[in-house]
Amino acid sequence: MNARTLFIAASGLAAAFCAVLMGARHLLTSSKAVLSAAGSYFWLVEFVLLTVFLFALAARFKRPPAVYVWLTAGALLLAASLGEAWFVYPRFKSEPYNTSRNSIHLKDTENVRIYGENRHDDPVLGYGPEPKITRTASRRVSGSGEVIYDVLYTTDEQGRRVTPRRGDKADTVVFIFGCSFTFGEGLNDGDSYPWKLGELLGEKYQVFNYGYHGYGSHQMLALIQSGRLDAVAARCKKIYALYLTIPDHELRSGGLSSWENGGPGYVLENGALRKITRRESMRKRFLEDVFYQSALYNALQKASYAAAIRREQGDSQLRAKLMDTHAAIIAESAREMRERYGSDFAVLVWPGYEEIGPRLRAAHLAELPLSRVMPDFAKNFPLYLIKGDGHPNANGAALVAEEAAAYIRQADRNIP
């Protein structure tokens, strides 16, 4: 066996060993931070090893067409290696991870990753938060390592972000639906708007936070129709439901989000909603399972979602169709809550999304435009958003809670 053959064998074995090591990573440690940090660099090493292996094969098989096959494959992997290095490099300059068992981490190109690190599959909603967890979540600026947030996430036995527990003192329940704005991404438990709402309303009100990262109106309607709220609703004499909507929810309810694979879906046909089951794509599942730690793959996923946003904004007919569907899902959720539980239902509208208002009013829905409590949002958005992140900060969340509390207090005064 000559030196060239030995080199080919060694590079191939090294690539195979690296792949096996990554595949068995969960057996080596349970720390999500360690797994995330290791996964961040695994694909760079793997791409480089495979590139070396393929170019070595090309040198071994000098005659066409074999040499062209190996050279082409090697060139593609070299391009992948360079792309991976481009997106991984800034992380080398960041501060080290906290590698404790109960930590999760994000960087500016890793927004999709939290859905893999801190969730489980859900037969009704597609995916959802893990129940009964307490974890640190931190996000830093790539390169400088500047802390964007470093907070605590706690969920209860049903996977809901925790809120003040009232026990038997509460005779009114408030169900809160929404996405990461509702969940309280980047905020400690006590700074999320559902927690603040619970504090404002007092011990007679039990607030439940059903928001989660990446959710849309379709998860809200699927949850209501599933009957999961029945047991809680049966114990209370009065029920309120609140839904915080943002423009991105149009894409999500229209099935255009890049992170969802399967789960609930609804289509609007001749003015009527029809429920569909979005079948899980095995190809997408395979790609997510294999490549979800790749910086290049996540950058492509992010670019895909950004392209969907640009396509929607540039196509007035598509935008109108998605907004009509989104508004119809909200209206159906309100109808279901009213018929199932006799619940009041109100929609909190994030500043800048006032164009959804006419559709909400046409469906006779209570509309709470948050521009009333953030009138200068367009000019002074840093007052209301986490710097470098885009989710509501503690001040923004507190203002949302105040608007919601004012609505519930007014509704209570109207009860005979």
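Modeller: Ground rules: it's a predicted model, local features need pLDDT of at least 70, side-chain atom pairs count only at pLDDT 80 or more, and totals for chains, interfaces and linings use all residues. Residues are numbered from 1 along each chain as its sequence is written, and side-chain values use heavy atoms, with hydrogens and water left out.

Colleague: What makes helix 8 roughly parallel to helix 13?

Modeller: Helix 8 (residues 217-226) and helix 13 (residues 316-341) pack at about 25°, axes 9 Å apart. Angles under 35 degrees count as roughly parallel, over 145 as roughly antiparallel, 65 to 115 as roughly perpendicular and the rest as oblique, so helix 8 is roughly parallel to helix 13.

Colleague: Which residues of helix 8 and helix 13 make the contact?

Modeller: With contact meaning heavy atoms within 4.5 Å, the helix 8 side includes Met220, Leu221 and Ile224, and the helix 13 side includes Ile329, Ile330 and Met337. The residues of this contact between helix 8 and helix 13 split into seven nonpolar, five polar and three charged.

Colleague: Why is helix 7 called oblique to helix 16?

Modeller: The axes of helix 7 (residues 193-201) and helix 16 (residues 394-413) cross at roughly 45° and come within 8 Å. That angle makes helix 7 oblique to helix 16.

Colleague: Which residues of helix 7 meet helix 16?

Modeller: Tyr193, Lys196, Leu197, Leu200 and Leu201 do, and among their partners in helix 16 are Val400, Ile408 and Arg409. The residues of the contact of helix 7 with helix 16 come out as 10 nonpolar, no polar and three charged.

Conventions
Axes are lines fitted to C-alpha atoms, for helices over the stretch in contact, and angles run from 0 to 180 degrees between N-to-C directions. Helices (H or I, at least four residues) and strands (E, at least two) are DSSP runs, numbered from the N terminus. Ala, Val, Leu, Ile, Met, Phe, Trp, Tyr, Cys and Pro count as nonpolar, Asp, Glu, Lys and Arg as charged, and the others, Gly among them, as polar.
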